[in-house]
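Here is a short briefing for a first look at this structure. Keep the sequence and the 3D view open as you read.

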Amino acid sequence: MNRQDLPLPAGTSGQAAGWLHCTGIHKRFGGFRALDGIDLPIRKGEFLCLLGPSGCGKTTLLRILAGLEQQDGGTVHMGGRDIGRLPPAARDYGIVFQSYALFPNLNVSANISYGLRTSRQAKARRVAELLDLVGLAGSAQKYPAQLSGGQQQRVALARALATSPSLLLLDEPLSALDAQVREHLRGELRTLQQQLGVTTIMVTHDQEEALALADTVAVMRHGRIEQLGSPERIYREPASRFVADFVGRANWLPLSRDASGAFCLAGIRLAPGLLATDTTATTATLFCRPEDVRIERYWRPGANTMMAVVERVDFLGGLRRASLSLCAARNITLLADVGPNDAGLAGLVPGQHVPLTLPPERLRVFVGPA
Ligand SMILES: Nc1ncnc2c1ncn2[C@@H]1O[C@H](COP(=O)(O)OP(=O)(O)OP(=O)(O)O)[C@@H](O)[C@H]1O
C-alpha cells in the first residue's frame, strides 16, 4: 500500500516509518471473506483511523492487531518483531471499546489499576496521574454507575494507558456518546495522544471524526483498503468514487466528449487539464464538492462559468446550501455551499438566474455514468 503525502507526526523521524506493519492480512468467517489482503504500514506516534461502512472489516483488523482474532494469512510486525501469532497478553497495547467495559463492582481506582502489577502506593500514584491526564482528578473512589458516559469512557482510556503501552487501539470509543460530549472528548483524545506520542489506531464509521482526528486515514471497503492518505488528501483527491462518496458530500455531474475529445458539461466545453483515470473512456462523471462551486455576483465569461437557476436554498447556520439546475440542461442539478461573506449570497433567491463557476483545479473526473 502506497502512502500519500503523509507528513510525519510531531516528534517522529523518517526511520520510524512502518513501525507497525500489517502485510497481506486475510481473514475468512466460513465462506465470507472479511479481510482480503490488507497491507498497512503505521509509523511510530501516528494516529491512524480505519474508516469505512458497517461490515467492511475494520473491527476484525483491529482485533487481529490485538491478538483477539487470528488471521488466516499474512503477518503483523511491531518494532521489527513478528507479533502476528502472539497471545494478547504478550502484545504491548491498551484497548478501549465502544461500550465502556468497566467492572461495575470496582471503583474507578481499581478499574484503572486492574492490569498493574506494582505496589499499592505505586498503583495509587499511577491512578492519580492517569486521572489527572484524562481530566477526572478526585474521582478515584467513585463507581462506574456514578459517572456519565463521557466520564466512563475517560476511565476506560485511563485504564488502557495504565501500563504505558506502545500502542493504543480504539474501537469506536466515542460512538455511544451524545454529539456534544463526543466532540469535546474527540478534541481531548487528540491532545492526549499528541502529548503522550502513543501510536494509535481507531476504528470509526464517522468520516467527520476520522478527518478531524487522524494523521492518516485508511478507507476500507469489502475487506480491502481503498485509499490510505492524509485527511486532506482523502477529501480533496479521493482515489475512487467510493471514497469520494463516503467521505464528505459531492456533486456528480454527467460529462460528454466533443469531437476533439474535450470534456463537456451540458454541452459546455470545460477547461482543459481535468484528470481522468482512463483517458479513453467515453462515459465520465465530474466530481465537485458543494463548497467548491462558486456563485458569482455578475456574469463574466471565464473558464467553467455557466448560468444556473436557483431551485431551493436551505439555511444551515454557518452557510446556505443552494440547489441549482444548469440553464443549458435543467435536468442537471448540483449543490453549492455559500458562506455569509461570499459574493454570490445576494443572488440566492429561488427562481433567480445566477452565474456559477466550477474551479478547474477543484474538479476530478471519474470513469462511468453519474
Ligand atoms: N466472529 C464472526 N463470525 C462470523 N462473521 C463475522 C465475525 N466477526 C465479523 N464477522 C463478519 O465479518 C464482516 C466484517 O465485520 P467487522 O466487525 O470487522 O466489520 P466493521 O467494519 O467493524 O463493521 P461495524 O462498523 O458494523 O462494526 C461482517 O460482515 C461481519 O458480519
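Strand S17 (residues 320-326) and strand S18 (residues 329-338) run antiparallel and are joined by seven bridges. The two strands make a hairpin, with two residues between them. This is a predicted model.

**Strand pairing**

- Elsewhere, five strands build an open sheet. Their order is S13-S12-S11-S14-S20, and the pairing is antiparallel.
- The edges of that sheet are strand S13 (268-269) and strand S20 (364-367). Each edge strand pairs on one side only.
- Strand S14 (residues 284-288) runs antiparallel to S20, and four bridges join them.
- Phe-287 has Arg-364 in S20 as its bridge partner.

**Domains**

- The protein chain is split into domain 1 (20-245) and domain 2 (249-367).
- The centres of domain 1 and domain 2, taken over C-alpha atoms, are 39 Å apart.

**Helix H4**

- Helix H4 covers residues 149-161, which is 13 residues. At 1.5 Å a residue, H4 should span 18 Å.
- Is H4 mostly covered or mostly exposed? H4 is mostly covered, with eleven of its 13 residues buried.
- Among the buried residues of H4 are Gln-151, Arg-154, Val-155, Leu-157, Arg-159 and Leu-161. Gln-152, Gln-153, Ala-156, Ala-158 and Ala-160 are buried too.
- What do the buried residues of H4 pack against? Their partners include two strands, S6 (93-96) and S7 (167-171). Helix H2 (108-113), helix H3 (120-133) and helix H5 (179-196) are also partners.

**Loop residues to look at**

- Ser-164 sits in the loop between H4 and S7. Its phi is near 50 degrees, a positive value in a residue other than glycine.
- Ser-164 has 11 other C-beta atoms within 10 Å, so this residue is exposed. The cut-off for exposed is 12 or fewer.
- Asn-304 is in the loop between strand S15 (294-295) and strand S16 (305-315). The phi of Asn-304 is near 60 degrees, also a positive value in a residue other than glycine.
- Is Asn-304 buried or exposed? Asn-304 has 20 C-beta neighbours inside 10 Å, so it counts as buried. The cut-off for buried is 20 or more.
- Arg-85 lies in the loop between strand S5 (81-82) and S6. Arg-85 counts as exposed because it has 11 C-beta neighbours inside 10 Å.
- Arg-85 and Thr-75 are ten residues apart along the chain. Their C-alpha atoms are separated by 8.5 Å.

Methods. Residues numbered from 1 in each chain as written. Predicted model: local features only at pLDDT ≥ 70, side-chain atom pairs only at ≥ 80, totals over all residues. Expected span 1.5 Å × (residues − 1). Contact = placed C-beta atoms within 7 Å. Domains from an automatic or database assignment. Pairing = 2+ DSSP bridges.
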